[in-house]
Amino acid sequence: MGSLVSPARELRTLAQYPQLAISKAKDDPEIRAKYRPFLLDAELEATDWISQLELETTIAMAEENLAKTESRLKVLVLYGSLRKRSYSKLMAFEASRILHRLGCDVRIFNPSELPIRDSVDATHPSVQELRSLSLWSDGHIWCSPEQHGNLTAVFKNQIDWIPLSTGSVRPTQGRTLSVIQVNGGSQSFNAVNSLRILGRWMRMFTIPNQSSLPTAWKQFEDEGGDGSGKARLLPSGNRERLVDCMEEFVKYTIVMRPHFELFEDRFSERKERHDRETECDG
């Protein structure tokens with residue numbers, strides 16, 4: 001009788017599927033320069049730790065979804081610090097590199113020119129840019145430092161500028177969301193808990209998993225480097241958790257995206273539209 005054990009199946013790594021990522025030749029050069037500061041040199045990208053990740057199931061899902069829809073998952077990434085050596089930015093860059101390699105169209109918003117909410121009119125260019133990116137996106141990645149036991153003003157200010165609704169359009173409703181925090185000291189979950197509350201309020205679907213990075217200054221090469229964003233996340237269970245979160249985010253977004261309109265259809269809003277139309281007819 002033959003063996004009941006199936007032969008081992010070779011599991012695919014991202015290095016074997018470079019075609020999933022948007023290539024420089026196929027990318028918009030202005031978008032690439034402005035919104036993808038996380039990109040690595042081609043030689044480094046081919047051999048770095050992300051390339052060695054075994055993400056067989058998610059690779060297969062991303063391949064199938066891209067072939068079927070001819071549309072990449074559109075991901076907006078927000079981070080919450082203006083410091084030159086910003087650990088939330090470094091963490092956001094690593095998350096973005098994973099998503100990029102999984103075929104997503106990833107765009108990072110730089111909050112440095114975003115004014116305090118209500119200090120200027122909403123026509124301010126940075127406000128309009130942020131709102132346009134939110135409307136464009138299928139999902140968000142939110143990464144905030146924890147400061148005084150909660151998320152930072154820099155991060156909250158970005159969400160405050162994104163309206164819950166603009167007329168009949170809801171810029172975040174139905175989008176998927178993954179939440180991340182970085183800590184200067186020991187591990188905490190206050191910021192990710194607050195981010196979940198924000199996500200619920202913005203009517204987003206927050207994935208179950210989350211990432212919290214303790215003693216962030218110890219977790220990156222050269223204590224975070226010179227602020228250029230090139231310092232890489234060191235091997236640890238925390239890095240593996242970040243991979244888990246990005247893998248889960250892609251899976252949920254692929255499943256959810258075809259049904260966004262379904263989840264935007266609400267009884268109270270249908271009734272409100274009906275009442276308005278009845279008043280107009282009257």
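Which helix does Thr-253 lie in? Thr-253 sits in helix H9, residues 237–256. Helices (H or I, at least four residues) and strands (E, at least two) are DSSP runs, numbered from the N terminus.

This is a predicted model, where local features need pLDDT of at least 70, side-chain atom pairs count only at pLDDT 80 or more, and totals for chains, interfaces and linings use all residues. Residues are numbered from 1 along each chain as its sequence is written, and side-chain values use heavy atoms, with hydrogens and water left out.

**Around Thr-253**

Thr-253 is buried, at a relative accessible area of 1%. Buried means under 20% relative accessible area, exposed over 50%, and partly exposed in between (1.4 Å probe, protein chains only). The side chain of Thr-253 reaches the backbone oxygen of Phe-249 at 2.7 Å. Neighbours within four places in sequence aside, Thr-253 is in contact (heavy atoms within 4.5 Å) with Leu-73, Asp-138 and Thr-176.

**Salt bridges**

Asp-138 also takes part in a salt bridge, with Arg-257. A salt bridge is a side-chain nitrogen of Lys or Arg within 4 Å of a carboxyl oxygen of Asp or Glu. The structure holds 15 of them.

| Pair | N to O distance |
|---|---|
| Arg-107 and Asp-105 | 3.2 Å |
| Arg-257 and Asp-138 | 3.3 Å |
| Lys-156 and Asp-160 | 2.7 Å |

What parts does the pair Arg-257 and Asp-138 tie together? Arg-257 lies in the loop between H9 and helix H10 (260–264). Asp-138 lies in the loop between helix H5 (125–136) and strand S3 (139–145). The pair therefore ties together parts that are 119 residues apart in sequence. Arg-257 is buried, with a relative accessible area of 14%. Asp-138 is buried too, at 6%.

Lys-156 and Asp-160 both belong to helix H6 (residues 153–161). They are 4 residues apart, so about one helical turn separates them. Lys-156 is partly exposed, at 31% relative accessibility. Asp-160 is partly exposed as well, at 28%.

Salt bridges that share partners also form one network, joining Asp-27, Arg-32, Arg-36, Asp-105 and Arg-107. Within it, Arg-107 and Asp-105 are both buried.

**Positive phi**

Arg-203 is not a glycine, yet its phi is positive, about 60°. Arg-203 is in the loop between helix H7 (190–201) and strand S5 (205–206). It is partly exposed, with a relative accessible area of 26%. Glu-223 has a positive phi too, near 55°. Its place is the loop between helix H8 (216–219) and H9. Glu-223 is partly exposed, at 45% relative accessible area.

Notes. A polar contact is a pair of N or O atoms within 3.5 Å; within protein, one must be able to donate a hydrogen and the other to accept it, and residues adjacent in sequence count only if both atoms are side-chain atoms.
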